[in-house]
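Please read these notes beside the sequence and the model. They are numbered so that each point can be checked on its own.

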Amino acid sequence: MTRFADFHQRSLSDRDGFWAEQAELIDWHQPFEQVCDYDNPPFAKWFVGGQTNLCHNAVDRHLAARADQNALIWVSSETGQEQTYSFRQLHAEVQRMAACLQELGVKEGDRVLVYMPMIPEAAFAMLACTRIGAIHSVVFGGFASGSLASRIDDATPAVVVSADAGSRSGKVVAYKPLLDEALRLSVHKPRKVLMVDRGLAPFQRVAHRDVDYAPLREKHLKAVVPCVWLDATHPSYTLYTSGTTGKPKGVQRDTGGYAVALAASMKHIFQGQAGETYFSASDIGWVVGHSYIIYGPLIAGMATLMYEGLPIRPDAGVWWSLVEKYKVSLMFTAPTAVRVLKKHDDAFLTKYDLSSLRTLFLAGEPLDEPTAQWIAQGLGKPVIDNYWQTETGWPILTIANGVEKAPTKFGSPGFAMYGYDVKVLDDATGQELTEPNQKGVLVIEGPLPPGCMQTVWRDDQRFIDTYWKTIPGRMVYSTFDWGIRDADGYYFILGRTDDVINVAGHRLGTREIEESISSHPSVAEVAVVGVADQLKGQVAMAFVVVKDVNAIPDDAARLKLEGDIMKTVDSQLGAVARPSRVRFVTVLPKTRSGKLLRRAIQAVCEQRDPGDLTTIEDPSALQQIRDLL
């Protein structure tokens, strides 16, 4: 079958037959008896009766054919260290970590909270957990104590695995004091804390609780810890969604469905080949890091490159130097990172031999057309956007060139992927919008395909209420994103349903205005928010980072550029979409994973408390906006 439309249709009309075939891409200890049990919507159980293991599929099964090939390549531009592990060496290290966890009392079904920088031991810990049937819960390294405490209380881990410190932009970020404070604040107290000492920051050990990893690892150098064969429906991990308020929302993922979904995506979407190298420039604290640093590439028999550092340190060519050195075939990063690179000399894009690189994949937030064109032309490589969520675990919308080659459209992530029954609905009536370019809420008809969340950890009702009961008269999974589908079947994401601006009765997506402003040649980055206005209800306010700050040396130049940008929006979207003001800043407030903090910007504009800012990359960015206003 070569037509993607047929491939996709079969995944919906012959769901069980389709996914039974994809399940052949992984190893099973015990065959499944039922592909999908959807007797209790919206809860889907995949590959019921089957037994498998994520760690076996990522590591052990490759030992026969490629034991001495690269499996994990670790590079830190922060500390100047590089370390490569073959599949054989990774297998040994994961067993050592697993033996350490078992000695600390971790059993099948226990939770292990991983609060780590981007170091090999973080990968060992995750794989060791899935090896022995423990459920890992990774929290982004350096997360603030209060947020970490709430996740500890929700996950109730038996053990926490952490390190003395991480490093960012050459500055050491001490983790242990943050963890100690979190454990003081939390109601739940883990039995043990396993500490990896990198020698970056001295730390206090708590007697009878804290255990040093290095001596414990030495004790288990010859450890043999077999994989525990787990039911396909056994939880593999929980991961807390970013930007949650109140009690954290733990996305719960299964074992068998996730392994099958990742294996299929590596074949059909990413076209990864065993023995090649995959570089995902993300963090293990985010879903991309779980799916496409740790599990996906390894399941496919590829080497995975794990990077600690920034895309511009020591210079804006560091990523491309790694592509050359390690013959990277496929790369995955975020549009934000590309926009950061866009501010630097284009020469860095052509300085290194990138002949091994086939495709650059981007995800994390909508990819604007100017950024996509800049990086595609600069690298001379195909750039494929993709759209998905922590909740889904793998792409909802993208291009599956492994099934049928299709052109990309700048500004669109692509088509609905196999397994996803995506529809555009009117949010007020629940009616499906079938004509091209009709704007509505992007939803997915149940069941969610393999690899998607099973439920919210320990809160099935919250799973139903949050995701499945938002559209009148319809029980469908809401992505909470506005979208349109064009006549060719390509989808365009227009922003969050809660990022809609209602200007004098006109509903405008912030994303549409941002896309227009981004097309102005002077603009490097932009964030648009809706701000309360007595006359119009709301007005759009734009905050812009210019490519060259010297181009606006004084107030007169700033006013002229503001006017030019407004004219651009007028000509592309009409006067109704014109921002009330365009303010110029040197940096936009973002999380450490690169997501714009639009709600915090909006709160500052409306003189409200911006709320939880524990994930903010640079607090001075928000202060700049306060000062401007």
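**Notes on the model**

1. F47 is found in strand 2 (residues 43-48). Helices (H or I, at least four residues) and strands (E, at least two) are DSSP runs, numbered from the N terminus. F47 has a positive phi of about 60° although it is not a glycine. F47 is also buried, at 0% relative accessibility; buried means under 20% relative accessible area, exposed over 50%, and partly exposed in between (1.4 Å probe, protein chains only).

2. On the basis of these notes: this is a predicted model, in which local features need pLDDT of at least 70 and side-chain atom pairs count only at pLDDT 80 or more, while totals for chains, interfaces and linings use all residues. Residues are numbered from 1 along each chain as its sequence is written, and side-chain values use heavy atoms, with hydrogens and water left out.

3. The protein chain has 19 helices and 32 strands. A compact globule of 629 residues would have a radius of gyration near 25 Å, and the 24 Å of the protein chain agrees with that. The radius is taken over C-alpha atoms, and the globule rule is 2.2 Å times the number of residues to the power 0.38. Along the principal axes, the C-alpha atoms fill a box of roughly 70 × 55 × 50 Å.

4. Of the 629 residues in the protein chain, 61% are buried. Among contacts with a separation of 6 or more, 70% are between residues 24 or more positions apart; contact means heavy atoms within 4.5 Å.

5. An open sheet of eight strands runs in the order 12-11-8-6-7-14-15-25, with mixed pairing. Its edge strands are strand 12 (210-212) and strand 25 (455-456), each of which pairs on one side only. Two strands pair if DSSP finds at least two bridges between them. Strand 8 (residues 159-163) and strand 11 (residues 192-196) pair in the parallel sense over five bridges, and S162 stands opposite M195 in strand 11.

6. How many of the 11 residues of helix 7 are buried? Eight are, so helix 7 (residues 145-155) is largely enclosed by the rest of the structure. The buried residues are S145, S147, L148, A149, R151, I152, D154 and A155. Their cover includes strand 6 (111-115), strand 7 (135-138), helix 8 (176-185), strand 14 (237-240) and strand 15 (250-253). Just after helix 7, T156 takes a positive phi of about 45°.

7. One goes from R313 to P314, with omega near 10°; P314 is in the loop between strand 17 (303-308) and helix 12 (318-325). Another goes from G446 to P447, with omega near 0°, and P447 is in the loop between strand 24 (440-445) and strand 25.

8. Is R458 buried or exposed? R458 is exposed, with a relative accessible area of 52%. R458 lies in the loop between strand 25 and helix 15 (460-468), and has a positive phi of about 60° although it is not a glycine.

9. L588 lies in the loop between strand 32 (581-584) and helix 18 (598-605), and is buried, with a relative accessible area of 3%. Leaving aside neighbours within four places in sequence, L588 is in contact with E525, V526, A527, F543, V545, L596 and A621. The C-alpha atoms of L588 and T255, 333 residues apart along the chain, are separated by 38 Å.
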